[in-house]
Protein chains: 2
Amino acid sequence: MPDAVLIDGVLSDSACLDERALQFGDGLFETVAVVDQQPCLWEAHMQRLARGCHQLHLPLPDVAQLRKETEELCAGTVRGVMKLYWTAGRSVRGYRRPQPLRPQRMLRLSEWPVRQPKPWHLRLCTHRVGDQPVLAGIKHLNRLDQVIARAEWQDDAVDEGVMQGLDGRIVSGTMSNLFLQTGEQLITPSLDRAGVAGVVRELVIELAAADGYRIDIRDVTLKDLRQADALYMSNALIGVERVARFEDVGYDLGMAEHPVVAQTRAVCHRPDVVSGGSL
Amino acid sequence: MPDAVLIDGVLSDSACLDERALQFGDGLFETVAVVDQQPCLWEAHMQRLARGCHQLHLPLPDVAQLRKETEELCAGTVRGVMKLYWTAGRSVRGYRRPQPLRPQRMLRLSEWPVRQPKPWHLRLCTHRVGDQPVLAGIKHLNRLDQVIARAEWQDDAVDEGVMQGLDGRIVSGTMSNLFLQTGEQLITPSLDRAGVAGVVRELVIELAAADGYRIDIRDVTLKDLRQADALYMSNALIGVERVARFEDVGYDLGMAEHPVVAQTRAVCHRPDVVSGGSL
């Protein structure tokens, strides 16, 4: 299946060179799992997109229109990945945005990555993610930190790299969020200075709260990682994966998985589940 | 004059949606003044591009080819602006770069902005530029900090905004570098955590050294800005502009301009001047 792309509702595969996403990374994106012709965790994706618009001072998208075009693009797709862009649109050279701003929406449907679920092997990235509280948490198009970190390894036996912030605190994986388990407690790094607040991360937090489990969002150190009973990584495509190894530390895969993790995995790829505060 | 664009040597105006510059801002750019069909400060632009390739782990461009295409694009242009992109090229979804990487070169020629030289009025931006030593100094395509800062004002009487780093130190303008003059001494902020090492900034530093003037590259505070005898802003298009006002502080425009500033202005738009260590 070749990728299919809708730009502002029209089948196309190219953007103008004056698109601000290309000039400056001036925009946002969402990576959405598509199952049975429907996007998963749609409300959570739309909520994060809205937070991004607020932080970048972009107009909000027409969510009903995005949903309609998503369903049009995903018709007939049993399993796929849709990348949705909401950009600042076209403009002449220069950082100044045009008035009025005309955002562009771009939907790209790709094949589901063939990857069998299995416990992950992690490495520690040398490259540290930069500090910028204003951009932390949202999924904007300035992703050089993640690109540089991902370029550190070619070994396919390594599934993901763990990134520290400039001060050494653990932030996330290059493309996933991170959870530590100690006893029954779950911990995930706070994303106050860097990182992306993943939709599955939000789902874990939501489910834990609903079930009365303690989940701490706080500073996490390398030592915390090494001493945890179990680690988990999450994103919209993998759902949640357990970690077998981080550098020289192996985790006991015989230990039962945290109930919230199992519950998250069971619902995150079910398009009939409505996330975003209404579970 | 409509913009003219060469992508990998071919006249075109569109990029594929899988271009990594659009997906992640995975690439570099240069904004080059074109005078009498020739690019100005070419060697300095190419040197900064090379530093950027080193920092982003991108292959180096074929500079002779870039120059040839630049002259082809700029034939007949008395005065213009050429934006040159050197990107990580196309790839499937995901931060991982393809092997082999095939960078794309994009040259875009636009009209010279009609702007009369005049002392600038500056404001202080509320948005602070993020910290990332690895990306500091180079001209990469992740420019949301500058876009957000530039969106703070619409008043055409304000020419530029001054940006602080997260710790409050002065970094630069949104699109220009900054020089302070105190007596005969010139000072420019160090760019160890943020900012772009401008080609005209490099020229000022080079000329000052050649002429035996003291130039300090160091931490600069808001107080330093307010107490300076004179301020100057520089970039490849404006060359150097004097500052009339920064917020509520006016500077004495009757004071003679620093000799190095005058010298920089005299050579920065002369395409026959070879910069980059060989002046």
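In this predicted model, helix α2 of chain A passes helix α5 of chain A in a right-handed crossing. The two helices, α2(A) spanning residues 42-56 and α5(A) spanning residues 199-211, pack at an angle of about 110 degrees, and their axes are 9 Å apart. Because of that angle, α2(A) counts as roughly perpendicular to α5(A). On the α2(A) side the contact is made by A44(A), H45(A) and R48(A), and on the α5(A) side by V199(A), E202(A) and L203(A). Sorted by class, the residues of this contact are three nonpolar, one polar and two charged.

In chain B, helix α2 (residues 42-56) and helix α5 (residues 199-210) have axes that come within 9 Å and cross at roughly 110 degrees, which makes α2(B) roughly perpendicular to α5(B). This crossing is right-handed, and the residues that make the contact are A44(B), H45(B) and R48(B) of α2(B) together with V199(B), E202(B) and L203(B) of α5(B). By class, the contact of α2(B) with α5(B) has three nonpolar, one polar and two charged residues.

Helix α5(B) also packs against α7(B): their axes come within 9 Å and cross at roughly 125 degrees, so that α5(B) is oblique to α7(B). The crossing of α5(B) and α7(B) is right-handed. Here V200(B), L203(B), V204(B), L207(B) and A208(B) of α5(B) meet V260(B), Q263(B) and T264(B) of α7(B), a contact that divides into six nonpolar, two polar and no charged residues. The helix pairs can be set out as follows.

| Helix pair | Crossing angle | Axis distance |
|---|---|---|
| α2(A) and α5(A) | about 110 degrees | 9 Å |
| α2(B) and α5(B) | roughly 110 degrees | within 9 Å |
| α5(B) and α7(B) | roughly 125 degrees | within 9 Å |

Which residues of α7(B) are buried? In this helix, which covers residues 259-267 of chain B, they are V260(B), V261(B), Q263(B), T264(B) and R265(B). The buried residues of α7(B) pack against α5 and also against the strands β12 (185-189), β14 (230-235) and β15 (239-246) of chain B.

Turning to the contact between the chains, 42 residues come from chain B and 42 residues from chain A. On the side of chain B that touches chain A, the elements that give two or more residues are β3 (14-16), α1 (20-24), β6 (79-87), β7 (104-111) and α4 (144-150) of chain B. Of these, α4(B) gives the most, with five residues. This side of chain B has 20 nonpolar, eleven polar and eleven charged residues. For the complex, the predictor gives an ipTM of 0.96 and a pTM of 0.96, while chain A averages a pLDDT of 95, with 97% of the residues scoring at least 70.

A cis peptide bond, with omega about -5 degrees, joins Q99(A) and P100(A), and P100(A) lies in the loop between β6 (79-87) and β7 (104-111) of chain A. In chain B the peptide bond from Q99(B) to P100(B) is likewise cis, with omega near -5 degrees, and P100(B) is placed in the loop between β6 and β7 of chain B.

I215(A) is partly exposed, because 19 other C-beta atoms lie within 10 Å, and a residue is buried if 20 or more do so. Leaving aside neighbours within four places in sequence, I215(A) is in contact with L186(A), I205(A) and A208(A). The C-alpha atoms of I215(A) and P189(A) are 11 Å apart in space, with the two residues 26 residues apart in sequence.

Conventions. Residues are numbered from 1 along each chain as its sequence is written. Chains are lettered from A and ligands numbered from 1 in the order in which they are written. This is a predicted model: local features need pLDDT of at least 70, side-chain atom pairs count only at pLDDT 80 or more; totals for chains, interfaces and linings use all residues. A residue is buried if 20 or more other C-beta atoms lie within 10 Å of its own, exposed if 12 or fewer, and partly exposed in between; C-beta atoms are placed from the backbone. Two residues are in contact if their C-beta atoms, placed from the backbone, lie within 7 Å. Axes are lines fitted to C-alpha atoms, for helices over the stretch in contact, and angles run from 0 to 180 degrees between N-to-C directions. Helices (H or I, at least four residues) and strands (E, at least two) are DSSP runs, numbered from the N terminus. Angles under 35 degrees count as roughly parallel, over 145 as roughly antiparallel, 65 to 115 as roughly perpendicular and the rest as oblique. A crossing is left-handed if the near helix is turned anticlockwise from the far one by less than a right angle, and right-handed if clockwise. Ala, Val, Leu, Ile, Met, Phe, Trp, Tyr, Cys and Pro count as nonpolar, Asp, Glu, Lys and Arg as charged, and the others, Gly among them, as polar. pLDDT is the predictor's confidence in each residue, from 0 to 100.
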